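The structure comes before the details.

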Amino acid sequence: MEVAPGPEALGHRVAALVLEALRSVATGRPAKPLGLATGRTMEPVYGALVEQLGGLPSRKRQELLAGWTSFNLDEYVGLGPGDPESFAASMERAVGAPLGLAPGQLRLPDGLAPHPEREARRYGQAITAAGGLGLQLLGLGTNGHVGFNEPPCPPEAPTRCLELDPATRHQNASLFAAGLAAVPQRAITVGLAEILAAETVVLVVSGEAKAEILRRSLEEPPQPQLPASWLQGHQYLKVLVDEAAASRLGWVRVSEGKPDGWVTTS
Ligand code: GLP
């Protein structure tokens, strides 16, 4: 686990991990697609990624971007790339447009598909056909969800279409110009099954509001009421948080951090 002094430093660190994953694709090592997340936590991550890629010589940058293939975690049912509040539009603004990615490189479930259940199955099959996910980025919901795997959720839940928890709709209401009423009732999410099968899982959490749910997700026994708690069983789980999010973890001593403000625990 790593604790960053704040959300910006956290974003830079997570972006560096994504860049490392892109480098391993470019060097020809067998590499799987990236699993990407949306949400406020990821905004500094994508900002830093665009900055870090922008600092590379253009040939190197093009080489890394040519190997980019990603699957996003989720999308609201009823929203498409033309809706500014869709995850497709958010990803296009954050990475697609600034990095000049082709539409096929940045994949998301189609929120406008006429049969969302069928679309969810197709999306899950596309992940399987690509050989599964490599580096999976995850944010954390205030109710313990990852992606849109709402509680209760067993670890074998597949990619599917589901009803959003009222807590999630409240959490995300501020991202909709028209507020809570505009937040869709349903979404398509990559399942915990596919998330847990990823090679590496990177859980990224910032802010005081997530401190208690982060503590419970890491310290309570894995259980359906805390979908993120199933991550405890993943062989390569990296937990990257800021000091505010780590504030309820008694075993993290931020004051004993390295001179640059970072703390690394096992
Ligand atoms: C959202 C998304 C997740 C996201 C999480 C945290 O509802 N479905 O993929 O990671 O909840 O969001 P935020 O970072 O805005 O707090």
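## Terms and model

Buried means under 20% relative accessible area, exposed over 50%, and partly exposed in between (1.4 Å probe, protein chains only). The model is predicted: local features need pLDDT of at least 70, side-chain atom pairs count only at pLDDT 80 or more, and totals for chains, interfaces and linings use all residues. Residues are numbered from 1 along each chain as its sequence is written, and side-chain values use heavy atoms, with hydrogens and water left out.

## Aromatic pairs

Rings of Phe, Tyr and Trp (its six-membered ring) pair if their centres lie within 6.5 Å; planes under 30 degrees apart are stacked, over 60 edge-to-face, the rest tilted. The count is five aromatic pairs. Phe71 and Tyr123 are edge-to-face, because their ring centres are 5.6 Å apart and their planes at 75°. Phe71 sits in strand 3 (residues 70–72) and Tyr123 in helix 5 (residues 116–129), so this pair ties together parts 52 residues apart in sequence. Helices (H or I, at least four residues) and strands (E, at least two) are DSSP runs, numbered from the N terminus. Phe71 is buried at 2% relative accessibility, and Tyr123 at 1%.

Tyr76 and Phe176 also pair edge-to-face, 5.4 Å centre to centre with 80° between the planes. Tyr76 is in strand 4 (residues 74–76), while Phe176 is in the loop between helix 6 (166–173) and strand 8 (186–189), 100 residues apart. Tyr76 counts as buried at 1% relative accessibility; Phe176 does at 4%. Ring pairs link Tyr76, Phe87, Phe148 and Phe176 into a cluster.
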